[in-house]
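Visitor: Could you walk me through this one slowly? I have only just started reading structures.

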Amino acid sequence: MTISKSGRARFLRGFRMTTTVAWAASCIAAPAIAAPSKAPGQPTGTRAMTPFEIYKNKSWQWDNGAGYMTDAGRQFSAWADGDKGKSWAEGRWVITATGGLCLNATWHSGQGAFPAKTCFSHRIGNGAIYQKREPDGEWYVFRHAEAREDDEAHKLVSTDLVSQQRDSIKTALGAAQLPKQ
């Protein structure tokens, strides 16, 4: 499906979705791309950073799973093993010129399939990278100028931590035959 630039902008501004998948309920938020540079609480002395610089061909490790963002076709895939069971996702990741990253995917679990979207904004200044979950998150340091052990950026690795686990969960849920997106 091809979406025009104006259609994509309307979609990114207007899409709202909730889901009952445990991981998605705790990690997926309704989108709204970051406002221009006068947003309240925005780190001073920063500029928009393209998420392409951060996420391309990386796995993002989470407490209960991982997401993988490939450069080829900006494919996004993920898995989670939370309180309500195992789930897997496939979709796309979208970046914007204003430093936005959105993960658009359909999550599959024993309860069914649920479309979900999570968006983040990114800023960079003085060597530090800041991130904010949209629409209501607060800015925090994603990576300090002098990297720290507890920086969220350390959870990004240049290895596929998703495909094997996702495929295993698909098979276990009996969903291996579902059509691809």
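This is a predicted model: local features need pLDDT of at least 70, side-chain atom pairs count only at pLDDT 80 or more; totals for chains, interfaces and linings use all residues.

Visitor: Let's start with the strands, then. How do E4 and E5 run, and how many bridges join them?
Guide: E4 and E5 run antiparallel and are joined by eight bridges, and a hairpin of two residues leads from E4 to E5.

Visitor: Is E5 mostly buried or exposed?
Guide: E5 is largely enclosed by the rest of the structure, because eight of its 11 residues are buried.

Visitor: Which strands pair with E7?
Guide: E6 pairs with E7 in the antiparallel sense over 10 bridges, and a hairpin of two residues joins E6 to E7. On another side of the pairing list, E7 and strand E8, residues 128-134, are antiparallel over seven bridges, while strand E1, residues 47-48, pairs with E7 in the antiparallel sense over two bridges.

Visitor: Can you give me a few partners to look for in those pairings?
Guide: You can look for Trp107, whose bridge partner in E7 is Phe114, for Arg47, whose partner in E7 is Ile124, and for Arg123, whose partner in E8 is Tyr130. In the hairpin of E7 and E8, Asn126 takes a positive phi near 50°.

Visitor: How much of E7 is covered?
Guide: E7 is mostly covered, with 11 of its 14 residues buried.

Visitor: Changing topic: which residues touch the most other members in the largest nonpolar core?
Guide: That core has 23 residues, and those touching the most other members are Tyr55, Trp60, Phe76, Trp93, Trp107 and Phe142. Two or more residues each come from helix H3 and from strands E2, E4, E5, E6 and E7, and E6 gives the largest share, which is four residues.

Visitor: What does Tyr55 touch?
Guide: Leaving out residues up to four places away in sequence, Tyr55 touches Trp60, Met69, Trp93, Leu101, His122, Gln131, Phe142 and Leu156. There is also a second, separate core of six residues, which includes Trp79, Trp88, Val162 and Ile169.

Visitor: How many aromatic pairs are there?
Guide: The count comes to four aromatic pairs. In one of them, Tyr55 and Phe142 are tilted, at 6.2 Å centre to centre and with 55° between the planes, and this pair links distant parts of the chain, since Tyr55 is in helix H3 and Phe142 is in strand E9, 87 residues apart. Both Tyr55 and Phe142 are buried.

Visitor: Why is the pair of Trp60 and Phe120 called tilted?
Guide: The ring centres of Trp60 and Phe120 are 5.4 Å apart and their planes stand at 50°, so the pair is tilted, because planes under 30 degrees apart count as stacked and those over 60 as edge-to-face. Trp60 lies in strand E2 and Phe120 in strand E7, so the pair ties together parts that are 60 residues apart in sequence. Ring pairs link Tyr55, Trp60, Phe120 and Phe142 into a cluster.

Visitor: Now the helix H4. Which of its residues are buried?
Guide: The buried residues of H4 are Arg166, Ile169 and Lys170, and they lie on the same side of H4, because they cover an arc of only 105° around the axis. What covers these buried residues includes E4 and E5, while the face turned away from the buried side carries the exposed residues Gln164, Thr171 and Ala172.

Visitor: What is Arg166 in contact with?
Guide: Apart from its neighbours within four places in sequence, Arg166 is in contact with Ser77, Ala78, Trp79, Trp88, Ala89 and Glu90. Arg166 counts as buried because its relative accessible area is 11%, and the cut-off is under 20%.

Visitor: And which ring does the charged end of Lys170 sit over?
Guide: The charged end of Lys170 sits over the ring of Trp88, 4.6 Å from its centre, and elsewhere the charged end of Arg74 sits over the ring of Trp93, 5.8 Å from the ring centre.

Note on methods: Residues are numbered from 1 along each chain as its sequence is written. Side-chain values use heavy atoms; hydrogens and water are left out. Buried means under 20% relative accessible area, exposed over 50%, partly exposed in between (1.4 Å probe, protein chains only). Contact means heavy atoms within 4.5 Å. A nonpolar core is a set of buried Ala, Val, Leu, Ile, Met, Phe, Trp, Tyr and Cys residues joined through side-chain atoms within 4.5 Å. The arc is that of the directions from the helix axis to the C-beta atoms. Two strands pair if DSSP finds at least two bridges between them. Rings of Phe, Tyr and Trp (its six-membered ring) pair if their centres lie within 6.5 Å; planes under 30 degrees apart count as stacked, over 60 as edge-to-face and the rest as tilted. A charge sits over a ring if NZ of Lys or CZ of Arg is within 6 Å of the ring centre and within 35 degrees of the ring normal.
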